Amino acid sequence: MGVAYSVGEVDHLYTFFVQWSPEIYNKGNKKNRKPRYRIREKHLNRCLVVEKNKEAVINKILNNSSNSTAKNWEIIKVKDSKRRLSLCSSEDSEAEEPDYQEEVDALPVLGDHSQLLHDYHLERLAAHMPARTQGYPWQLVYSTAIHGSSLKTLYRNMAGLDSPVLLVIKDMDKKVFGAFSSDPFKVSKYCYGTGETFLFSFNPEFQPYMWSGENSYLVSGNLESLQIGGGGGGFGLWLDADLYRGSSFSCPTFRNASLSTQEDFIVQDLEVWTVQN
């Protein structure tokens, strides 16, 4: 994603692009346009939106043009797309780029460093998380790298929580997968959770498995194991008391394929995150 800042007026830049390179910025084709870059007026807080694949062309024009207006602008890459920055607040800007702003706002912000989650994972997971989790930072509540491998510790770290959690696992085959749970993990005699709960896998392409509605075997936990999904021959995701061995089978709850490379797997790293709202 990127932003371009200016010391001139946005109207002058718009005129420049329309007159000199009309094929770059076609204001009338909003339906098919996928904005990924902004050209923003620095002081008046107004902006134009352009497609990602036009960034290189526009940058070339800005660098080579003898037009004085163009020389007042530059394109700046923004690597950390998770920031909650309101880059354009005028009515014109908001009308130009609803898709872009929704995409930025949907990205979870991690309050701690993650060894397993990168922007690629966050962008895809965010699209399936409930709206109530969006716009809030995520905090790391458990990590095998920090807290050791213990299901009891995982439960203890979540005591008192009343918010959704994201479980992320990397197995010995380097495959990343896990589950989003509407409720924090806990010891319970009965299954808990809502239809917001889902399983996911990166293989390496992202594949979500949403609640099928076929049963309510969403999440269940005891001191010996944590189970997510069931109703068939095995659990959608199962972890032992040491968070070392696990398994993943197809189950009616999510109608999922096995999340791991093999149905039985060894955990390399595991993290659990919770939203702070």
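Which backbone nitrogen lies 3.3 Å from a polar atom of the side chain of N256? I looked it up: the backbone nitrogen of C251. My criterion for a polar contact was a pair of N or O atoms within 3.5 Å; within protein, one must be able to donate a hydrogen and the other to accept it, and residues adjacent in sequence count only if both atoms are side-chain atoms.

**Ground rules.** I am working on a predicted model, where local features need pLDDT of at least 70, side-chain atom pairs count only at pLDDT 80 or more, and totals for chains, interfaces and linings use all residues. Residues are numbered from 1 along each chain as its sequence is written, and side-chain values use heavy atoms, with hydrogens and water left out.

**N256.** I placed N256 in the loop between β14 (245-247) and β15 (264-275). Strands here are DSSP runs of E with at least two residues, helices are runs of H or I with at least four, and both are numbered from the N terminus. N256 has a relative accessible area of 2%, so I logged it as buried. Buried means under 20% relative accessible area, exposed over 50%, and partly exposed in between (1.4 Å probe, protein chains only). I then listed contacts, meaning heavy atoms within 4.5 Å. Leaving out residues up to four places away in sequence, N256 touches L199, Y209, G236, S248, F249, S250 and C251.

**Cysteines.** I searched for disulfides, with sulfur atoms of a cysteine pair within 2.5 Å, and the structure holds zero. C251 is buried at 3% relative accessibility. C191 is partly exposed at 38%.

**Strand β12.** Next I checked residues 225-228. S225 and Q227 point one way, L226 and I228 the other, and all are buried. Two strands pair if DSSP finds at least two bridges between them. β11 (residues 219-221) runs antiparallel to β12, joined by three bridges. Three residues separate the two strands of this hairpin. S220 has Q227 as its bridge partner. On β13 (residues 237-240), I counted four bridges to β12, again antiparallel. There, S225 is partnered by D240.

**Cores.** I defined a nonpolar core as buried Ala, Val, Leu, Ile, Met, Phe, Trp, Tyr and Cys residues joined through side-chain atoms within 4.5 Å. The largest has 29 residues, and L154, F185, L237, L270 and V272 have the most contacts inside it. Its largest share, four residues, comes from β15. V272 touches residues including L140, L154, V165 and F185. I also found a second, separate core of 18 residues; L117, L122, L125 and F200 are among them.
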